[in-house]
Amino acid sequence: MINLTEQEFHLIETFVRKNYGINLEKKSALVQARLSLYIERKGYSSFQEYYSKIVSDPTGPECQHMIDKISTNHTFFFREPASFDHMRNVVVPALIRGGVKDIKVWSAAASTGQEIYTIAMLLDDMLSLHQDVTFHITGSDINQEVLNTARDAVYPDDELKHIPSIFHARYCNRNGDGTFAISPKLKKNVSLFKKNLALPFGVMSRYHMVFCRNVMIYFKNDTKQQMTSELHRVIYPGGFLYVGCTETVDSTKRLFQYVKTSVFARLDGAEAAVSNAGR
């Protein structure tokens with residue numbers, strides 16, 4: 001196994017933080033564990049040589065592979081259900097009452113797709129009583145490998161234990177090989193793209209709800225501040241931001257208002273009815 005020196009770790013940590021916003025401080029052991037065997041197998045003599053290759057081609061496959069390996073992508077269906085309960089019990093009914101005909105949701109750190117398809121199951125189920133209302137979910141992640149999994153939408157049968165049994169026959173097609181596939185009915189309402197949340201978002205659609213859960217804990221404060229401003233920009237007035245249950249949003253900027261654990265309402269000077277309904 002190729003060892004990672006303190007100097008080499010500093011180079012990689014600085015590169016990743018400046019270009020991707022990911023905080024690897026005090027995570028030298030993680031970097032070595034996830035990359036050492038790979039760089040040895042690829043014929044690099046040291047982490048220094050590997051680092052030199054990455055910085056010489058920062059948009060190339062080696063850099064993408066590194067980000068794929070060091071980014072954390074633990075997720076499962078219906079994880080942290082309080083967010084979904086708020087969406088189902090508060091936001092969607094308010095949007096329907098307000099005459100919204102196309103509900104738009106962004107899963108900003110979609111990982112392997114379980115969050116996306118959880119949202120899709122709930123929305124499809126709710127809107128079966130409102131045939132004139134449609135929905136679309138956009139999913140993004142910095143990790144191309146997990147996006148490919150989300151696009152395929154095939155998961156081990158063991159993950160069915162997280163999904164309510166009433167949704168199994170409706171949305172989960174068993175393949176007979178120990179896996180199941182998400183139904184095409186849900187997949188047609190989903191689009192995916194690669195996104196680095198640490199960079200300015202640029203031109204984007206706007207959304208009624210954004211799920212950006214268990215992401216900010218990996219970023220330093222300056223990156224969190226920038227990301228919060230960008231999230232505010234792409235959420236409709238009166239919309240909601242969902243974060244992880246251990247995360248919070250800085251309220252001093254008056255961009256979002258705390259509603260309950262993991263739920264923040266977008267502020268825009270004169271708060272819309274949907275925000276008021278969420279309190």
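A salt bridge here is a side-chain nitrogen of Lys or Arg within 4 Å of a carboxyl oxygen of Asp or Glu. By that cut-off the structure holds 10 salt bridges. This is a predicted model: local features need pLDDT of at least 70, side-chain atom pairs count only at pLDDT 80 or more, and totals for chains, interfaces and linings use all residues. Residues are numbered from 1 along each chain as its sequence is written, and side-chain values use heavy atoms, with hydrogens and water left out.

**View 1. D132 and K101 form a salt bridge.**
The closest N and O atoms of this pair are 2.4 Å apart. Helices (H or I, at least four residues) and strands (E, at least two) are DSSP runs, numbered from the N terminus. D132 has 47% relative accessibility and counts as partly exposed. K101, at 45%, is also partly exposed.

**View 2. D124 pairs with K185 in a salt bridge.**
Their closest N and O atoms are 3.2 Å apart. D124 belongs to helix α6 and K185 to helix α9 (residues 184–187), so the pair ties together parts that are 61 residues apart in sequence. Is D124 buried or exposed? D124 is buried, at 12% relative accessibility. K185 is partly exposed, at 43%. The side chain of D124 also makes a polar contact of 2.6 Å with the side chain of Y171. A polar contact is a pair of N or O atoms within 3.5 Å; within protein, one must be able to donate a hydrogen and the other to accept it, and residues adjacent in sequence count only if both atoms are side-chain atoms. Leaving aside neighbours within four places in sequence, D124 is in contact (heavy atoms within 4.5 Å) with F135, Y171, K185 and L186.

**View 3. E13 and R17 form a salt bridge within helix α1 (residues 6–20).**
The closest N and O atoms lie 3.1 Å apart. The two residues are four places apart, so about one helical turn separates E13 from R17. An α-helix has 3.6 residues a turn, so residues three or four places apart point the same way. E13 is buried at 8% relative accessibility. R17 is partly exposed, with a relative accessible area of 29%.

**View 4. T14 lies in helix α1.**
T14 is buried, with a relative accessible area of 16%. A polar atom of the T14 side chain lies 2.8 Å from the backbone oxygen of H10. T14 and E25 are 11 residues apart in sequence, and their C-alpha atoms are 9.2 Å apart in space.

**View 5. E80 is buried yet has no salt bridge.**
E80 lies in the loop between α4 (61–70) and α5 (81–97). Which side chain of opposite charge is nearest to E80? That is R79, 4.1 Å away. For charge, Lys and Arg count as positive and Asp and Glu as negative; His and the chain ends are not counted. The E80 side chain reaches the backbone nitrogen of C245 at 3.1 Å. Beyond neighbours within four places in sequence, E80 is in contact with R213, N214, V243, G244 and C245.

**View 6. Helix α5 bends by about 35° at M87.**
The bend at a residue is the angle between axes fitted to the seven residues ending there and the seven starting there. Buried residues in α5 are S83, F84, H86, M87, V90, V91, V92, A94 and L95. G99 follows α5 and has a positive phi, near 85°.

**View 7. L95 lies in helix α5.**
L95 has 6% relative accessibility and counts as buried. L95 and L267 are 172 residues apart in sequence. In space, the two C-alpha atoms are 17 Å apart.

Key
Buried means under 20% relative accessible area, exposed over 50%, partly exposed in between (1.4 Å probe, protein chains only).
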